[in-house]
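Let me put the model up first, then jot down what I look up.

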Amino acid sequence: MSVRDIVEVGVPSLRERATRVPTADLGSEDLATLVEDLVDSMRAAQGAGLAAPQIGVGLRVCVIEVRDNPRYPYKPNVPLTILVNPVITPLGDEMFDNFEGCLSVPGLRGLVPRHAGVRVEAFSPQGERLDSEIWGVTAGTYQHECDHLDGVLFLDRVRDTRSLSTWDAFREHHEADFARRVRALVERFGS
Ligand code: NI
């Protein structure tokens, strides 16, 4: 188990576009170690996802997992998902406002418009092709993690900076309303 330090906003490497994992490296021990470190670090920090640039590795790899997450009590569970070289394509025009936080942006949350549905094409670490459609609030998590691979943070996508909120203020003033909207999304999309 190797829990790595999380790179925080302001560090230039977090803003760089990560490079594709070469096909020859699919199935490699190095890639397996990177994925293990990502999963360990995500779980240790109670994140809903983590991208390689957040542990200082400029490769297009991210992991997502939600298991009754205390940081995001309203988020539906998502089994551990590992994406190598993911490509995201919006499905339809519908957007929703997602109240996002990020391990690389400690202390702040903000409202970010996200696509309600996305197609995700990627590889597993072993090189299998993955192709799935993700809907609802979980689609927001996918978009957030894949943004990291382009050096984009949720802060860049906050449409109205007046929505920025500390975690305590979010819990006190915004969580109930947002959790209601998330429940409606989960009812419609199942995720
Ligand atoms: Ni993040």
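**Metal site.** I count as donors the N, O and S atoms within 2.8 Å of the metal (3.2 Å for Na, K and Ca); water is not among the atoms, so sites may look incomplete. Before going on, I note that this is a predicted model, where local features need pLDDT of at least 70, side-chain atom pairs count only at pLDDT 80 or more, and totals for chains, interfaces and linings use all residues. Residues are numbered from 1 along each chain as its sequence is written, and side-chain values use heavy atoms, with hydrogens and water left out.

Which spacing do the donors of the nickel ion follow along the chain? I read it as C-x41-H-x3-H. The atoms are SG of C102, NE2 of H144 and NE2 of H148, and they coordinate the nickel ion at 2.0 to 2.3 Å. C102 belongs to strand 4 (residues 95–102) and H144 to helix 2 (residues 137–148), so this pair ties together parts that are 42 residues apart in sequence. My helices (H or I, at least four residues) and strands (E, at least two) are DSSP runs, numbered from the N terminus.

Buried or exposed, what is C102? I find C102 buried, with a relative accessible area of 5%, and H144 is buried too. Here buried means under 20% relative accessible area, exposed over 50%, and partly exposed in between (1.4 Å probe, protein chains only).

**Cysteines.** I looked for disulfides (pairs of cysteine sulfur atoms within 2.5 Å) and got zero. C62 is itself buried, at 0% relative accessible area.

Next I traced an open sheet of five strands, in the order 1-2-3-6-7 with antiparallel pairing. Two strands pair if DSSP finds at least two bridges between them. Strand 1 (49–51) and strand 7 (129–135) are the edges, each pairing on one side only. From one strand to the next the twist averages 40 degrees. For angles, axes are lines fitted to C-alpha atoms (for helices over the stretch in contact), and values run from 0 to 180 degrees between N-to-C directions.

I then followed strand 2 (residues 61–66), which has five bridges to strand 3 (residues 78–90) and three to strand 1. V63 is the bridge partner of L50, and V63 also stands opposite I82 in strand 3. I64 faces T81 there.

How many residues of strand 2 are buried? Six of the six are, so strand 2 is largely enclosed by the rest of the structure. V61, V63 and E65 are on one side, with C62, I64 and V66 on the other.

**Helix 1.** Helix 1 (residues 29–44) lies across strands 1, 2 and 3, at about 40 degrees to strand 2.

How values were computed
Contact means heavy atoms within 4.5 Å.
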